[in-house]
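Welcome, and thanks for taking a look at this one. Here is a short briefing to read alongside the structure, grouped by topic.

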Amino acid sequence: MYVAIDAPVKFSVLKLKNLSGRPSRLTVTGYYEWVLGDTRTRNQLHIVTQVDPVTGVLYARNYYNTDFAEKIAFADIGLTRRVTGDRTEFLGAEGRLSRPQALQRKRLSGKTGAGSDPCGAVQALIELNPTKEKKVTLRLGCARSEEDLITLVNRYRQSGAVTEALCQVQDYWKRTMGTLSVSTPDPSVNIMANGWLLYQSLSCRIWACFGYYQSGGAYGFRDQLQDVMALIHAEPALMRKQIVLAAHRQFKKGDVQHWWHPPVNRGIRTLFSDDYLWLPYVTHRYIITVGDRGVLDEVIPFLEGRELNPGEESYYDLPIVSNELGTLYEHCVRSIRYGLKFGAHGLSLMGCGDWNDGMNLVGIEGKEESVWLAFFLYDVLSKFSEITTLYGDTGFARYCIEQARQLQENIRNHAWDGNWYRLAYFDDGTPLGSSQNAEYTIDALPQSWSVISVAGDPERSLTGMQEVNRRLVDRKLKLIRLFTPLLQYLPTQSGVYQRIYSRSTRERRPIHPRSYLNSHCLCHDGRYRLRLGTF
């Protein structure tokens, strides 16, 4: 199975060889359940199937999908074809994929049209003499129009077209993944670094916009900007494209859509405090590595939309494209200026979350501060001052450097806990990620970013990383924790583990997505909540 490099067509190639010693007559059937929308159940009544009179290909359309009404999905097997667009006919009344009713009959009925439970089933009759081989190719595609449908079908029915498409796919990945070669003493690391990670970043994150926590096909502002940084040597043109694409999703104020869903680009506007800062950060990496200063002069419109109401964390809407234009450089400058918001300790305000979306309740009153964000903002200010100097904007370069120096001083005075850097401050000034906390005492993120950003004092950064090694690295389980667990497992004599939960003294508290805090609790005695369960 593979997808053409330059066309929205997926190929499934089946090779058959007759080893029976006698002539054989077989059928090969491709079966697809059309969705053509967000969910099949919501859209199935609107899907119309049809056979194209010119090519004989089976296709389906959903005229009620306002975003994709003109798109045509098609299934083709290319040989003597039998088809049906009726799912009930194919599977039977019981709807069992393990034993489709249609395969117990001689042929498919050819039924298509509206009003049925839609599917796409295409079938070919194969005759094979002893020892002979034959390839059967099923094609699943999407066309922009009926003319495009005919073009795509005819193109990939040509002799050698399917094999040529496979060669193009193989050549592309060899070239892309062969740009850099990593050699380490560990073969498993070499396998991951020399192909698999880059392949996943490009095919899954950039093309499909898909991941464990993002399976809806939407672009995340920070997510895909981070992902394309892995492609800086292999596919720098894609990195440039993503930077410009992200800049199109910035509001005039400087904040951005946290995520948006093409092609209409509905999405959410939020108070997340780090999204927009990734634009200048990644732009710097691209320019310094590739040397393409011209990207800064790309003219890009801003977005317009209502601002968030007091106490509102986010809202979902379709913003309008403003008549106001700005170069990419101006977009980056607005991101930085918008990010210069500080709390009582002179550290960056967290908003409704920083890099960790799960920190959305740390500062429900809007006074919370993020130590990690302070390190990140320092890095952005320091790096982008290089770009402003190259761009000839020496005044803003000096401003960035002054802000970075002041932020570093505030980090020095208010972020150190004694043996490691704190993670944040609550609205009332109580620290988080501190030895003062009964739980969540240390987080690895500010320790590592004190090194990455070079904003931390070298001695303190070293001490913090040593504490990470001592407290968060579990060599027995071969894992590194992101933070001191909120949850501990204590063994009992029976081999059953007790989950011990500290009782929170706060009505609102930060809940990390990967924590089990406040879940599966059966009872509590005022001090602890616990549950018995197998581990």
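Let's begin with helix H6 (residues 221-228), which is largely enclosed by the rest of the structure because six of its eight residues are buried. Please keep in mind that this is a predicted model. The chain has 535 residues, and buried residues make up 47% of them. It holds 13 helices and 25 strands.

**Helix H6 and its surroundings**

- The buried residues of H6 are Phe221, Arg222, Gln224, Leu225, Asp227 and Val228.
- Several elements pack against these buried residues: helices H5 (187-207), H7 (236-247) and H8 (278-290), together with strands S10 (219-220) and S11 (257-261).
- Arg222, one of the buried residues of H6, also lies over the face of Phe272, at 5.5 Å from the ring centre.

**The chain as a whole**

- Of the contacts between residues at least 6 apart in sequence, 67% join residues at least 24 apart.
- Ser24 belongs to strand S3 and counts as buried, since its relative accessibility is 14% and the limit for buried is under 20%.
- Leaving out residues up to four places away in sequence, Ser24 touches Asn18, Ile126, Glu127 and Leu128.

**Aromatic rings and a charge over a ring**

- The model contains 29 aromatic pairs.
- One of these pairs is formed by Tyr172 and Trp173, in an edge-to-face arrangement with 5.2 Å between the centres and 80 degrees between the planes.
- Are the two partners buried or exposed? Tyr172 is buried, at a relative accessible area of 9%, and Trp173 is buried too, at 12%.
- Ring pairs also join Trp278, Tyr281, Trp355, Trp372, Phe376 and Trp449 into a cluster.
- Lys341 sits over the face of Tyr338, with 3.6 Å to the ring centre.

**Helices H12 and H13**

- Two packed helices are described by the angle between their axes and the distance between the axes.
- For helix H12 (residues 444-452) and helix H13 (residues 458-471), the axes come within 9 Å and cross at roughly 145 degrees.
- The crossing of H12 with H13 is left-handed.
- Which residues meet here? On the H12 side they are Ala444, Gln447, Ser448, Ser450 and Val451, and on the H13 side Ser461, Gly464, Met465 and Val468.
- By type, the residues of this contact divide into four nonpolar, five polar and no charged.

**Backbone details in the loops**

- Pro262 and Pro263 are joined by a cis peptide bond, with omega at about 5 degrees.
- Pro263 lies in the loop between S11 and strand S12 (266-270).
- Leu36 is not a glycine, yet its phi is positive, at about 50 degrees.
- The loop that holds Leu36 runs between strand S3 (24-32) and helix H1 (40-43).
- Leu36 is partly exposed, with a relative accessible area of 25%.
- Tyr440 also has a positive phi, of about 55 degrees, although it is not a glycine.
- You will find Tyr440 in the loop between strand S19 (431-432) and H12.
- Is Tyr440 buried or exposed? Tyr440 is buried, with a relative accessible area of 3%.

**Gly343 and its loop**

- Gly343 is located in the loop between helix H9 (328-338) and strand S16 (348-349).
- Beyond its neighbours within four places in sequence, Gly343 is in contact with Leu349 and Glu369.
- How far apart are the C-alpha atoms of Gly343 and Gly366? They are separated by 9.1 Å, and the two residues are 23 apart along the chain.

Conventions
Residues are numbered from 1 along each chain as its sequence is written. This is a predicted model: local features need pLDDT of at least 70, side-chain atom pairs count only at pLDDT 80 or more; totals for chains, interfaces and linings use all residues. Side-chain values use heavy atoms; hydrogens and water are left out. Rings of Phe, Tyr and Trp (its six-membered ring) pair if their centres lie within 6.5 Å; planes under 30 degrees apart count as stacked, over 60 as edge-to-face and the rest as tilted. Buried means under 20% relative accessible area, exposed over 50%, partly exposed in between (1.4 Å probe, protein chains only). A charge sits over a ring if NZ of Lys or CZ of Arg is within 6 Å of the ring centre and within 35 degrees of the ring normal. Axes are lines fitted to C-alpha atoms, for helices over the stretch in contact, and angles run from 0 to 180 degrees between N-to-C directions. Helices (H or I, at least four residues) and strands (E, at least two) are DSSP runs, numbered from the N terminus. A crossing is left-handed if the near helix is turned anticlockwise from the far one by less than a right angle, and right-handed if clockwise. Contact means heavy atoms within 4.5 Å. Ala, Val, Leu, Ile, Met, Phe, Trp, Tyr, Cys and Pro count as nonpolar, Asp, Glu, Lys and Arg as charged, and the others, Gly among them, as polar.
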